[in-house]
Amino acid sequence: MKNLNLLFSNKIFSNLKILLIIVLTLNLASCEENELPEIGSIADATPPSALFSAKQGEGAADEWKMYSFSNQSSSATSYSWSFGNGESSTDFEPSITYPGEGTFTVTLSARDNLGEESVYSETVEVVEPPAPITPDPTLVNVVFDKLPKSSGSDCTCSGWINKSLGDQGESSSGNGSDVLKFDNNEPDHIYQEFEVVPNADYTIEIITQFKSLENNTPPMDSMLETRVLAGSGYTSGYSPTYYTETTDFPQDGFGYASVSQVEDTANNLLVEVRSNPNDDSYLTTTYTFNAGNNDSVALFMRGIGGNTSGNFNYNSGDEEIRLDSVTITAN
């Protein structure tokens with residue numbers, strides 16, 4: 001009986017041992033499946049947080065296609081960018097140039113040294129901005145009203161005198177208002193400097209009347225010459241001042257100080273000559289010019305066609321020319 005009891009006890013112990021092994025095996029499998037932390041480990045107290053902002057490029061040409069990214073992530077040590085066009089980067093704050101307009105999803109993955117990851121995405125709309133509007137130039141007394149000037153009597157030439165380049169245009173009336181006249185056989189002119197946008201195109205519109213031949217002498221046809229003079233041709237060291245009142249304009253000391261300087265081909269953005277149309281009506285003429293690399297230019301107009309005597313080596317012919325208005329607009 002004693003041996004039987006001992007045998008039974010050993011069998012129970014063996015069964016309990018097998019059961020214990022099964023329980024331990026199941027517990028270990030459960031731990032692996034749930035990835036329980038190791039003994040003594042602690043949770044990541046400062047996990048990474050991914051965040052960024054995007055800025056479109058500004059300026060000339062295709063800079064609108066370029067985007068730069070400001071990384072605003074926290075608690076991260078490495079970064080992985082996807083720009084939505086097949087390109088990627090691991091830079092902290094990258095830049096990218098997109099091929100053109102479109103919608104792109106940019107994704108930033110930020111990781112820390114413990115392998116924790118945070119992901120942030122944002123949609124970028126790449127749109128070409130509208131072309132900036134070029135403002136019309138600002139000129140003073142474009143309709144040649146009889147206005148006060150810095151010295152002397154009121155005159156339609158107010159704001160238009162450069163005594164280094166010729167005699168001043170004179171006041172007259174016509175076309176229902178005041179007009180400026182380039183008198184016959186005189187070196188009359190107008191001159192004014194104004195701001196422009198480099199490389200922009202402009203249109204000049206002038207309204208003029210050519211009078212009939214006044215003398216019985218052999219005809220010397222008056223012609224109206226229009227020039228746009230580049231600011232790059234100003235006298236060395238000169239900086240233009242853009243006046244708004246005719247009484248503030250000086251009558252000399254501008255960027256162009258001699259006729260030879262005016263006639264230098266390199267200084268001219270436009271040279272046009274209007275001959276007598278044999279029609280004494282007020283007629284409109286238009287010219288166009290490009291500002292080139294200038295941000296300032298000068299408009300110079302004079303009567304030519306007469307003899308070349310005198311201090312300025314030019315004169316109008318025998319016909320008086322009347323200028324009703326001059327308008328310059330951006331195209």
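A residue counts as buried when its relative accessible area is under 20%, as exposed when over 50%, and as partly exposed in between. The legends below describe a predicted model.

**View 1. Asparagine 175 sits in a loop between two strands.** The loop runs between strand E9 (170-174) and E10. With a relative accessibility of 42%, asparagine 175 counts as partly exposed, because this value falls between the two cut-offs. Its phi is near 55°, a positive value in a residue other than glycine. Glycine 174 stands opposite serine 177 in E10.

**View 2. E9 and E10 belong to an open sheet of 5 strands.** The order of the strands is E9-E10-E17-E12-E15, and their pairing is antiparallel. E9 and E15 are the edge strands; each has a single partner, so one side of each lacks a neighbour in the sheet. On average, and with direction ignored, neighbouring strands here are turned by 40° against each other.

**View 3. The largest nonpolar core holds 30 residues.** Ile204 and Leu299 are the members that touch the most other members. Two or more residues come from each of strand E10 (177-182), strand E11 (188-195), strand E12 (201-210), strand E13 (223-230), strand E15 (283-290), strand E16 (296-304) and strand E17 (321-330). E17 gives the largest share, 5 residues. A separate core of 17 residues lies apart from this one, and includes Phe52, Phe83, Leu108 and Ala110. In soluble globular proteins, nonpolar side chains tend to be buried together.

**View 4. Isoleucine 204 and the residues it touches.** Leaving out residues up to four places away in sequence, isoleucine 204 touches Val228, Leu270, Thr285, Thr286, Tyr287, Phe289, Leu299, Val326, Thr327 and Ile328.

**View 5. Phenylalanine 144 lies in a loop and is buried.** This loop is found between strand E7 (117-126) and strand E8 (167-168). Phenylalanine 144 has a relative accessibility of 0%, and therefore counts as buried. Although phenylalanine 144 is not a glycine, its phi is positive, at about 55°.

**View 6. The whole protein, for orientation.** The protein has 2 helices and 17 strands. Of its 331 residues, 38% count as buried. The accessible surface comes to about 18,400 Å², and 50% of this belongs to carbon and sulfur atoms. Among contacts between residues at least 6 apart in sequence, 70% join residues at least 24 apart.

Methods: Residues are numbered from 1 along each chain as its sequence is written. This is a predicted model: local features need pLDDT of at least 70, side-chain atom pairs count only at pLDDT 80 or more; totals for chains, interfaces and linings use all residues. Side-chain values use heavy atoms; hydrogens and water are left out. A nonpolar core is a set of buried Ala, Val, Leu, Ile, Met, Phe, Trp, Tyr and Cys residues joined through side-chain atoms within 4.5 Å. Buried means under 20% relative accessible area, exposed over 50%, partly exposed in between (1.4 Å probe, protein chains only). Helices (H or I, at least four residues) and strands (E, at least two) are DSSP runs, numbered from the N terminus. Contact means heavy atoms within 4.5 Å. Accessible areas come from the Shrake-Rupley method with a 1.4 Å probe; for residues, only the protein chains shown count as cover. Two strands pair if DSSP finds at least two bridges between them. Axes are lines fitted to C-alpha atoms, for helices over the stretch in contact, and angles run from 0 to 180 degrees between N-to-C directions.
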